[in-house]
Amino acid sequence: MQRIRIGVIGIGIIGKVHLQEYAGIPGAEVVAVCDINEQEARSVAEKYGIPHVYTDYKEMLSRDDIDAVDVCLHNNFHAPLTIAALRAGKHVYCEKPIAGSYHDGVSMLEAARECGKKLHIQLGTLYKKETKAAKALIEDGQLGRVFHARSNGFRRRGRPYVDGFGTVHFTRKASSGGGALLDMGVYHIAQMLYLLNVTEVERLTGRMIQEMDMDPERRQISGFDVEELALGFVTFKGGVTLDIFEAWAVNLGGVEGSSIVGSKGGIRLPSYHSGEQTGEFSFHTTVADLDLNSTIDLNRMDVRWHRMRETEDAYDSSQKHWVAALQGRVELLPTADIALATMLISEGLYLSDVLGREVTADEIAANSRSLAVSM
């Protein structure tokens, strides 16, 4: 199996998760890590047997033996580091969201096209068993004409830092670009766009909310200026619609899983409460004039598909898919396009909230500005 040599930029919480995943992927070899915290970088490199450590990303990018770079930094660092890596001749895998703004996301896709390199965005929900089952039902025509989806994400009280985990970088727009919508919502919205097979937004409306109490001292330290609850409604070209509910914190015991409905059938995905699954995958249709609600054993589906399909392992996770695509085993899913459309929606929801009205895709693009941190 072809060996893919990888350099990782940023070895914080996310970077360590990526390194752990690479350790279990045949053919993936992390040869260098880069972080401004040299001591931590060396400690991590020693743990994973990584031979080269850098504190200057430019030095790492100058290596001619690195095939791909994995960017594991906060949102507003994504564009400058990704573009620098692409121009250095590397393929790039970048954490979600694609960037801190739609403007910056566009610049990343343009750079990838200009450089002739692959750009992959971490959209973990695309590789979930329920996503695969839903995609199979939709592509087989079991839903008929799909016309609406609902994107739901839920935490009861799970705001970074102010609720006891994570850092203040998540709660400040200057470093994160946004709150619950960009932290969690991108996963669920991207999942719906992938299943709906739509990326062309026509118009949308949104509302950003921060109403829940929080510890006063942590509020002050965090500089909390992002949303804890994001609401929205999107209309795509062609008439398909999507509504959005994304909560870091809300006074509810739970919300139903995301769903998709069509003229012949509908799908409800499992619900999650702070990362723990609390609901089942279900398919709903009418058979012989009977309303049918059915469930699927996703684990048995997964076992069978791995036995029967030669490249099924290439869709087990975002990183496995990335390595497989670089090896030429499968075609890379259009994660960059999906992530860019997700960013347009996200930024549009913020703009709509500020203006207090519905906005068009053209307005969103025209108002988007770079939030990239100067490197």
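Modeller: Domain bounds here come from an automatic or database domain assignment, and for this protein that assignment gives domain 1 (4–123) and domain 2 (126–296). This is a predicted model, in which local features need pLDDT of at least 70 and side-chain atom pairs count only at pLDDT 80 or more, while totals for chains, interfaces and linings use all residues. Residues are numbered from 1 along each chain as its sequence is written, and side-chain values use heavy atoms, with hydrogens and water left out.

Biologist: How many residues does each domain put into the contact?

Modeller: With contact meaning heavy atoms within 4.5 Å, domain 1 contributes nine residues and domain 2 contributes 15 residues.

Biologist: And what area is buried between domain 1 and domain 2?

Modeller: About 1100 Å², with 57% of that coming from carbon and sulfur atoms; buried area is the accessible area (1.4 Å probe) that two parts lose on being put together, summed over both. On the domain 1 side, His74, Lys96 and Leu123 supply 55% of the area buried against domain 2, more than any other three residues.

Biologist: How many salt bridges are there between the two domains?

Modeller: The count is one, where a salt bridge is a side-chain nitrogen of Lys or Arg within 4 Å of a carboxyl oxygen of Asp or Glu. Lysine 96 and aspartate 183 meet through their side chains in a salt bridge, at 3.3 Å from N to O.
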